[in-house]
Amino acid sequence: MLLFSIIFTSNTTIALTNDLANNKMATAICKGCKVCCNGVAGAGVLVATPSKKISGDMDLILVMDQSGTYNDFGGTARDRHGVDKEPHNVASSEINEESRKTIQVSGAVLTASHFVDLVGRGHIYRCFIVPIQNVSCSAFYHSKNHIVIKGHQFNETTRMTRFPLGALVSKFKKTNLVPDHITSDSGESCKINGRIQGILRLLLPRL
Ligand SMILES: [Zn+2]
């Protein structure tokens, strides 16, 4: 799997970093508004982990929230207390919360990670692409660390699921399209959020 070599090799020649040069909407990027902090409106983490079922393949780890769709771990750059955060710190706290503290990635690790910048409505959402060796979806269901904050329960994640990457890549190579449903490692067809669809549109052509 090419992604395996890309994201597990430190000196890769394939740059997954800043995508803005290739983004048609780059000219319309917001110069700053009430939702943008430190150049982004939001940030998150897309986790890739070795498959348990298919040797040499990778799984993407996505979470379902109250919207009923699967997404990367992520959120807005300005928190509920009105505090601006750097993209790597936003992403670090979002993965901690949304994985129910079962996956922890420090801001320092994220700073050194590949990322793609997704531009939607002129705002940048930065998604760090991070390989993690040991991810347990069952730990998510056993975790007692449900983050429920008054008035913010709508963001609570309810499921954490593996999605085989090899199948996604080969389907993309045939169709050049990112579908709105993808297949989990247990064969379930799952609806994915528009945000992760956009991230996959940036990522899959590189794999
Ligand atoms: Zn803005």
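Buried residues account for 36% of its 207 residues. Among contacts with a separation of 6 or more, 68% link residues 24 or more positions apart.

Confidence was considered next. The mean pLDDT of the chain is 82. A value of 70 or more is reached by 81% of the residues. Residues 1–27 have a pLDDT below 50. In the model this stretch has 34 contacts beyond near neighbours in sequence. Where pLDDT is low, predicted coordinates should not be read in detail.

Strand β1 spans residues 42–50. Eight of its nine residues are buried, so the strand is mostly covered. Strand β1 pairs with β6 (residues 123–131) in the parallel sense, through seven bridges. Here Gly42 stands opposite Tyr125 of β6. The pairing of β1 with β2 (residues 58–64) is antiparallel and has four bridges. In this pairing, Val47 has Ile61 of β2 as its bridge partner. Four bridges also join β1 to β4 (residues 73–76), again in the antiparallel sense. Gly44 is opposite Gly74 of β4. In a regular strand, side chains alternate between the two faces of the sheet.

The largest nonpolar core contains 47 residues. Val45, Cys127, Ile129 and Ile199 touch the most other members. At least two core residues come from each of β1, β2, α2 (87–98), β5 (114–120), β6, β7, α5 (165–175) and α6 (194–203). Strand β6 gives the most to this core, with six residues. In soluble globular proteins, nonpolar side chains tend to be buried together.

An α-helix has 3.6 residues a turn, so residues three or four places apart point the same way.

Two residues other than glycine have a positive phi. Arg100 has a phi of about 55 degrees. Arg100 lies in the loop between α2 and α3 (107–111). This residue is buried, because 20 other C-beta atoms lie within 10 Å and the cut-off is 20 or more. For Asn176, phi is near 60 degrees. Asn176 sits in the loop between α5 and β8 (181–183). Asn176 counts as exposed, because it has 10 C-beta neighbours inside 10 Å and the limit for an exposed residue is 12 or fewer.

Glu156 belongs to another loop, between α4 (137–142) and β7 (159–164). With 16 other C-beta atoms within 10 Å, Glu156 is partly exposed. Glu156 and Glu98 are 58 residues apart in sequence. In space, their C-alpha atoms are 6.9 Å apart.

How values were computed
Residues are numbered from 1 along each chain as its sequence is written. This is a predicted model: local features need pLDDT of at least 70, side-chain atom pairs count only at pLDDT 80 or more; totals for chains, interfaces and linings use all residues. Two strands pair if DSSP finds at least two bridges between them. Two residues are in contact if their C-beta atoms, placed from the backbone, lie within 7 Å. A nonpolar core is a set of buried Ala, Val, Leu, Ile, Met, Phe, Trp, Tyr and Cys residues joined through C-beta atoms within 7 Å. pLDDT is the predictor's confidence in each residue, from 0 to 100.
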